[in-house]
Amino acid sequence: MIDFTLWDIVRNLLLAARWTVVLSLIAFVGGATLGFVLTVLRLSGTKWLRYPINIYVDIFQGTPLLMQMFLAFFGAAALGFNVSAWAAASVALILFTSAFLCDIWRGCVEAVPKGQWQASRVLGMNYLETMRHVILPQALRLSVPPTVGFSVQVIKGTALASVIGFVELTRAGTMLNNATFAPFTIFALVALFYFALCYPLSCYSRHLERQLYDAGLR
Amino acid sequence: MGISLDFMALSPYLGELLRGLFTTVVLTMVTTLAGLMLAIVVAYLRLNAAAWVGMALGGYVELIRNTPFIVQLFFIFFGLPALGIRIDAITAAFLAMTLNLAAYSAEILRAGIESTARGQLEAARALGMSSLQSYRHVVLIPAFSRIYPALISQCIIVMLGSAVVSQISVYDLTYAANFIQSRNFRSFEAYLLVTLIYLLLAIGMRQTFLLAGRRLFAYRQGEHA
Amino acid sequence: MTLVCVKDLHKSFGELEVLKGVDLDVASGEVVAIIGRSGSGKSTLLRCLNQLEQHDGGTIEIAGQHLDAGAMTPNDLSRNVGMVFQSFNLFPHKTVGDNVMLAPTVVRGVDKTVAERLAREVLDKVGMLEKFDAYPAQLSGGQQQRVAIARALAMNPKVLLCDEVTSALDPELVGEVLRVLEALAKEGMTLILVTHEMKFAHDVADRVVFMHQGRIHEQGPPRTLFEHPETSELKQFISAIL
């Protein structure tokens, strides 16, 4: 057995944490893009668009992210593709993120007071004009705090990619634990690293929320 | 290329599925109860106890909310024994889920309590209630009813998150799926079926909570007529 | 000349029939105050006039055009009918100037510079020109409501509907809004107001309409109506308020 110094452990975890960050970014950017498209379709579309999107959102919110990872991984295999753990994790996390953001953003659009729609109607604006000039700019402002807040869920969600074998922070922790048998130190460190990634975002989200509140918008 | 699904290949494993389902359901029920009770205590102490208690509990809440559940689980199951605290997998799962739910719910509950009208509290004080009495009789139920939807969602999130306890060999629904696919190599079918069961559990849980809510908060009925 | 012509208007919300056959003619330049208890249907009547609520039966004609069954687009409608709300409904993310300029530029395709000149003109009229670059949140309720009036005026409507425009205001702010409305009335603007301000109705309106249980129960010149009410319902209403 090799001897690991504390520094070795920290260094290895830090290296693995890069992949947590990369996977988080992929999930967030991909999920936000898809989520935005879904939100727009859900808001403007007919019920033929709205119902399938509602079901999509319900399914991803109503099943474990771990299962979504497994299905992306083994589903691709069943279709005859041989995907890497990292591709499967990306796909699962993007879909997961898009469903949640779609729901969050729809809530923000609905949180814009009804009076804004009525005032726009009375001034002669049609649906698209109202959406573009009145509703979306306000919804966008409302959406920033919960969206930043959700990015924390995405980062934490990437930890599940470890289960299908993608080597990120959590997986690196398990591997180091198998080699060093210092579980207390290692998992405390792993937790600390996640905390260092997530806590600033949580604080920032809360700060933004308070700003909105002070501006009288919430 | 084509996809051929064979769900009949799962039928010999009904027993395993039921065993896993049972564990998931029981674990969820017990941790929901324990977690919510703990949350009430934490929320109360954070708002009323000495500053250092509030700080410590705030630290606990933030720590849980900003780290992945799977890491919390591993820390409890693998890490604590290193300190001489030996626990089995199911206890670790119970502990991790309860602590997780309590942290989130305490935060939700705190928001609910803080939004309780000051006038209500002042009325309770004017009637001579102590802080604990006014908390119990005046604050808790309206606060609960206001944050109830958020609380339901959180309990469901914890139930879905419990899929991870299979990773420390708790025989839950996900463990059953892992077990089945290791025997019949029908991994996609196994996971699809189990995913569907989770979905049904989530729907069932929401309905049950809503039903309970209608009885718990009967006084609010007709409010939005 | 009749500007607004309502005949046998009916409106139900589910089981509840809110308007049970309302007939109302409003002449060009006339100021009509609608009074009545809450739930008497007065706000619903107003909201039918610009199709924020679609009526179930009867006809509405404004400036010779039928409004029935969504025949008019919001754009068409806004040429005839402007509205001011109880809760102002200013756009919080836009300055006072942009609030007023938005609809003329977006809906009418008016050039920016022209729209700005127009905005300054109407804001001057309501005494809010110096707040051109302020945001709604920086204004008092009375100031916000005056901006809302200017915003409606910028679309140059033939009739202005006012739905309890002073009800959300602190008492000391009511006067400034009423003064603006009074000035508009003097200029010859056609106004239909749902209001609780009996003194204002008495002093400014050409006609007062008392609504009761979904119908026009009594109407006439303010002095006659307030001083010699005929029906017991109106007598009761007036004595409860005064």
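Over residues 17-205 of chain A, the chain is 85% helix and 0% strand, with the end C-alpha atoms 22 Å apart; helices (H or I, at least four residues) and strands (E, at least two) are DSSP runs, numbered from the N terminus. This is a predicted model, in which local features need pLDDT of at least 70 and side-chain atom pairs count only at pLDDT 80 or more, while totals for chains, interfaces and linings use all residues. Residues are numbered from 1 along each chain as its sequence is written, and chains are lettered from A in the order in which they are written.

UniProt, in an unreviewed entry, gives residues 17-205 of chain A as "domain: ABC transmembrane type-1"; its positions follow the numbering used here, feature names are shortened, and annotations may be inferred rather than shown by experiment.

Let's stop at A:Val109, which sits in helix H4 (residues 85-111) of chain A. Leaving out residues up to four places away in sequence, A:Val109 touches A:Leu43, A:Ile135 and A:Ala139 (contact: C-beta atoms, placed from the backbone, within 7 Å). A:Leu43 is 66 residues from A:Val109 in sequence, and their C-alpha atoms are 8.8 Å apart.

Now to the partner chain. The contact takes 31 residues from chain A and 32 residues from chain B. On the chain B side, helices H2 (51-65), H3 (69-79), H6 (131-161) and H8 (187-216) each give two or more residues. H8(B) supplies the largest share, 10 residues.

Terms used. Two residues are in contact if their C-beta atoms, placed from the backbone, lie within 7 Å.
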